[in-house]
Amino acid sequence: MALKSAIRNLRNNPYLLFVRLPNLLSLLCIVVGVVWLLLLPLNEYSRRTYISENALLPGQVHAYFTGSEQNIFRGYKKELEGLLNDGQARGGQKDEAEVTAAVSDKLQSILQAAGLKVATQKYEYTSAGITHQGENTYAIIHAPRGDATEAIVLVAPWMTADDKLNLNGVTLALTLARYFKRWSLWSKDIIFLITPDSKSGTQAWIDAYHDMHPASVQSLPLKSGALQGALVIEYPLEHRFQTLHIVYDGVNGQLPNLDLFNTAVAIAGGQMGIGANLQEMWGHDDSYKHRLQTMFRGMTKQGLGYATGAHSSFMPYHIDAITLQTKGEGWEDEMALGRTIESLCRSLNNLLEHLHQSFFFYLLMQSNRFVSIGTYLPSAMLIAGNFTLMAIALWMRTGYYPETKPAEPKDGKTDVAEPKDMKVSVEAKTINIAERQLALPLSLVAGLHLLGLVPLWVFNNIFHQYFTTTTYIFVVVGIILPLILAAILSHGLGLSKPIVPQQYHLIKSFSLLLLGLSLSTLATLNFSLSFMIGLLCAPLSFVTRVQSSAPVRLATSSLGLVLLNLLSPPTVLLGVCGYMGVSVEEVLTQAAFGWDVWGLESGVVALDMAHNYKGCKE
Amino acid sequence: MAIDRRKIAVFGAAFVLRLLLICIFPSLPDLLTGRVEVSTPVSSFKRLQEGLFLYTRNVSPYDGGVFHQAPLLLPLFALLPDAKSSPLPTAIFYFLVDLLNAHALISISASGQSVQSRLHSAVRKHVRWDGVSVAALFLFNPFTIATCLARSTNVFTTSGILFAVSNAVGGNSINAMLALGFASYLSLYPALLFIPLVLLCYDRRLQGPAPPNSTSFIVQHGGLLLATVAGLLGLSCLITGNFWEFISATYGFHLLVPDLTPNVGLWWYFFIEMFDSFREFFLGVFWLHLASYVGGLTAHFRSQPLFVITSLLGIFAIFKPYPSISDASLFFALLPLYRHLFPLMRYTFFAGAAILYSSLLGPAFYHLWIYAGSGNANFFYAITLVWSLGLSVLLADVIFAAIRDEWEQENPERVGLKVRQV
C-alpha cells in the first residue's frame, strides 16, 4: 500500500518524476557501475583460474629439451651473431639490406638442414607516410601422426615488442625446430615463423595465411592446416632471466582463450618452477591494491586495443596466442624457456578441438585469479544504461511534462494508462500530449554523427608530420563549432527558426540514446573501452539548461562548457600524452598504423563520441 | 507540378545515394548479401546465382539443393549480365525496382484509403503525410537500402504486394489479383493477404457506380488469383520441366522449413532445439498461428482492410519462417500511411529503441558467435527475440491506436479524453 501511494505521489509531481528521478537514477547507475568494478578484485567476486579443457593436461609430460641441445643453441647463436656483427663492424660498407639477405639465407639453410620445408614472404605497408617493409621466413614440420589439417605456430620476431634485438629468441626457435623435427609424436603441424618485427610481420603473414592480404603483401607459397594456437618467444636479454612475462592482449581488445593463458602459467610456474607475471606487475603480493592495479592495466590495454606484441595479430582470426617474454636477472637459462615451450606445444598438441571450453571474456588480476564476463559486464552496462535512462526520461518529458511551469501543475499528470480491453473509464481531463517536432533534432543528431567521419578520414590519410597541428585544429574546432551551432539554434541568426525547449530535449535524448546504444554494443565486444568512454561521457547525462539569474547562469554554463571541452576527445588525447610524456605524433602514428594494418576500431568510437558531445552542449 | 518536382528529387536522391554507396564501397553488396539478417535461404542472391549457373548450363537449378526460389526469376536474371563480372546492371535493376515500389506507395497514399474508406473515417484525417514523404521514408530507410544493395529477391515479393495494394485502392481489382498472384507465386505467404485485399477491392467497387454481388465478387477474384498462380506455375513447369521437383524445392521448402540457418525470426532456434518426432506437429502449430491472425484482424477491422494488410505484414515480419529485415522494411513502408494514429501511440520510443538496439547488437553478437568464436548461438537468438519484441510492441501499439481511433469515432464527444483501464 505504501508503495502504491508513493507511486501515486510520484504521478502527481511531474517535476520529481521527469527531472529529479531520472537524474538520481542515472547518477546511481554510474556510481554503482564504478563501485561494482572496484569490488571485483575481492575474493568474493573473483575466481581462481582452472584448466577447463581436460585434453590440455599441462605439465603432465616430461620435457626433454636439455643437455646437448644447448650446444646446438650456442652454435646457431654464434653463426647468427657473426653475420649480424659482420654487418655492424663494416658499418657503412655493407648496407642493411645485404645483412638482412645474408641472415635470411642463413635462417633458411639452418631450417632446411634440419629437414623442414622453408619459404619466405615479402611485405610492405604504408601508413601515415611511413613505409614498413620486411621479409618473413617460415618453416613447417609436417606432423608424423597428423594429416596437415591443424597446426601450431611458434613465432620469433627479430625485434621484440619493445624494439630490442631478440637474438636468443630466434636462435631458440631454430634449435627447437631441429629438436621438434626428430620427435614422432606430433599430431599437428608446427610452423616456425621468423619475422623482422613484432608489428607488421606477423600481421602480413597471418593475413596471407588466410588469403586476406592486400596487394603489397606477397602470398604464402607454403601452407598448412587450421591454426590452433600461437606462441611468441621473446628473449632479448644477454643474461639468464628470472621470470616469464605473459602478454595476452589482442587487437581491438580481443583476448585468447583463458585456457591457453592458464596452461602457460601452470607449466611455467608448476612444472618448470619459473614464476609467471602479467601486465608488468613484478612484485605482485596478491593484495587488493595490486590486483586492482593489474586489472586496470589490463583494461587500459584492452580499451586502447593496440597490438601489445606479435601475438596480437593472431587474435582476429580466432587463433589463441600469447607472448612469452623473459624478464629480470635470475638463474633460468634459454633451456628452461625451451622446455616451457616444448611442454606448451605438447599440451596444444593434445587438443582434440579448437580451444573453446574456457572464457574468452575475462579480466585477470593475478596469474591465478580472474573475473568472467558475467561478473564484470553489469558495471559497463550500468554506465551505458544511464544514458538510455536519461534518453527515455527526456523523451517522456517532451511528451508529457510542459516545459514552462503552468499555472496548474497537475496538467503534467497525463499519461495514458494501458486499457487492455475496451472497458475504460473516462476522466474529465483532456490529454495534453504534445506533438513532437522530430525533424530538426533527428537530422541534427544524424548529421553531427556523420561529421565524425571527417576527423577519422583526416587522421588516417595525412602524413605523420602534420598530426600535432591537426590535433590542435580539431581542439579549436571542437570548442568553436558547438558555440556556433548553439547560437544558430537558439537565436536563429536568420538561418532557421529559433529552437524550442522541446527540440533541445529531443536532441539530447537522441544523442544519449545513440550513445547508450553504441556503448552497450561496444561493452559486449570491448568491455574496457566501453567503460572508459562511458565514464568520460558521464557528465553528458547531467548537462542541462540552467534557469536562474543571468550572471549565475553565465557562470555555470561557461564552467560546464570548460568542463566538457576538457573532457572532449582531442583534449583528453593531449592531456594523456602530456601526462605520459609521449608525443602526440607518435601516438597518432601508432593509431593510424593500427587502422591501416590491424583494422583497429577504437579510434572510430572515440571520434563518434566527440560528436555526441557537440550534440549535447546545445 | 511542384509535387512532381519533389517526387523526382526524392527518387533521384534515393537512386544517387544507392549508386554512391556501391561506388564508394564496392564490397558492400557482397557483404550484405552474406548477412543472415538480410539474406534468407529463400531470398538470397548468392543462392540465386547458384541456381542461375545451373540453369544456364541446362541442369535443373534445384539439383544442388541450394536454390529455393521461384523458377521464373531465372530467365529474368539470365537476361541481365553476369553479376560477378559486371555488378552495375543488376544493381541498377534493383534500384529501379525500389523506385517502382516507392511509386506504388505514393499511389496508395494518394488514394487516402488509410484515413478514409467506405466504412471508416479517421478522427484526425488532416494529420497525414503526403505520398512523397511516405515514399522518402521508404526509400531512405536503412533496412530498405540494405535489402536493395544485398539484391535480395524479397524485393520482388514486396513489389507484388505493394502493387496489389495500390491497384486495389485504385479500384483496379483485376490487376490487384494479378499482382497478389505474382507475390504469392514468389513467396507463398502473401496468399494470406487475399481476404483483406479482396475486401479492399470490394469496398472500393461499392463506392463506384455498379455495386457487385459480394459472394460472386469474392469467388470471381479468388478464381482469378488461382488462375494467376496456376498460369505462373504452368510457365515455371515449362522452364524447369519437372513439376514436382520445383514444387517441393520451393513451396515445400517454405512450408516444411528444412533449412535452419539463423535469421532474425523465431523459427530456426525453436526447430533446432525440437525433438524430431514433434516437428510436424509444431510446423502445423506455427503455420496455424501465422494464419490465424488473418481471420481475427479482418473481422475486427472490417471497416479498414488496408490497416489489416499493414498489420498482417507486421505480423509476417515477426512470425514468418524465413523473415529478414526486408519484411520489416515493408511494414515500416506502410506505417507512415497511418500518421494520424501516431499521436495515439504510446510506446514508439521504446519500440524504436528496442529495434535500434537489436539492429546494432545483432551483428555484434553474430560476429562474436561465428567469427570471434567467443559467443554462441544463444547470443544471437536473444537479440532476435529483442528484435521481435520491438516489432511486436510497435505492432501492438499501432493496433491499439487504431482501436482507440475507432472508439473515438464512435464516441465523438470523448475525443482526446484520458482513458484508464478499469
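**Reading the sheets**

Q: Which strands does helix α6 of chain A lie across?
A: This is a predicted model. In it, helix α6 (residues 201-209) of chain A lies across β2, β3 (130-141), β4 (150-157) and β5 (189-195) of chain A. The helix runs at about 60 degrees to β3(A).

Q: In what order do the eight strands of the open sheet in chain A stand?
A: Strands of a sheet pair through backbone hydrogen bonds, either parallel or antiparallel. Here the order is β2-β3-β5-β4-β6-β9-β7-β8 (chain A), and the pairing is mixed. Because β2 (117-127) and β8 (275-278) of chain A each have a single partner strand, they stand at the edges, and one side of each is left without a neighbour in the sheet. On average, neighbouring strands of this sheet are turned by 25 degrees against each other, direction ignored.

Q: How many bridges join β7 of chain A to β8(A), and do they run parallel or antiparallel?
A: Strand β7 (residues 241-247) of chain A is joined to β8(A) by four bridges, and the two run parallel. As an example, His245(A) has Asn277(A) in β8(A) as its bridge partner.

Q: Which strands pair with β11 of chain A?
A: Strand β1 (residues 47-48) of chain A pairs with β11 (residues 369-372) of chain A in the antiparallel sense over two bridges. Within that pairing, Arg48(A) stands opposite Arg369(A). Strand β10 (residues 362-366) of chain A also pairs with β11(A) in the antiparallel sense, over four bridges. Here Gln366(A) has Arg369(A) as its bridge partner.

Technical notes: Residues are numbered from 1 along each chain as its sequence is written. Chains are lettered from A and ligands numbered from 1 in the order in which they are written. This is a predicted model: local features need pLDDT of at least 70, side-chain atom pairs count only at pLDDT 80 or more; totals for chains, interfaces and linings use all residues. Two strands pair if DSSP finds at least two bridges between them. Axes are lines fitted to C-alpha atoms, for helices over the stretch in contact, and angles run from 0 to 180 degrees between N-to-C directions. Two residues are in contact if their C-beta atoms, placed from the backbone, lie within 7 Å.
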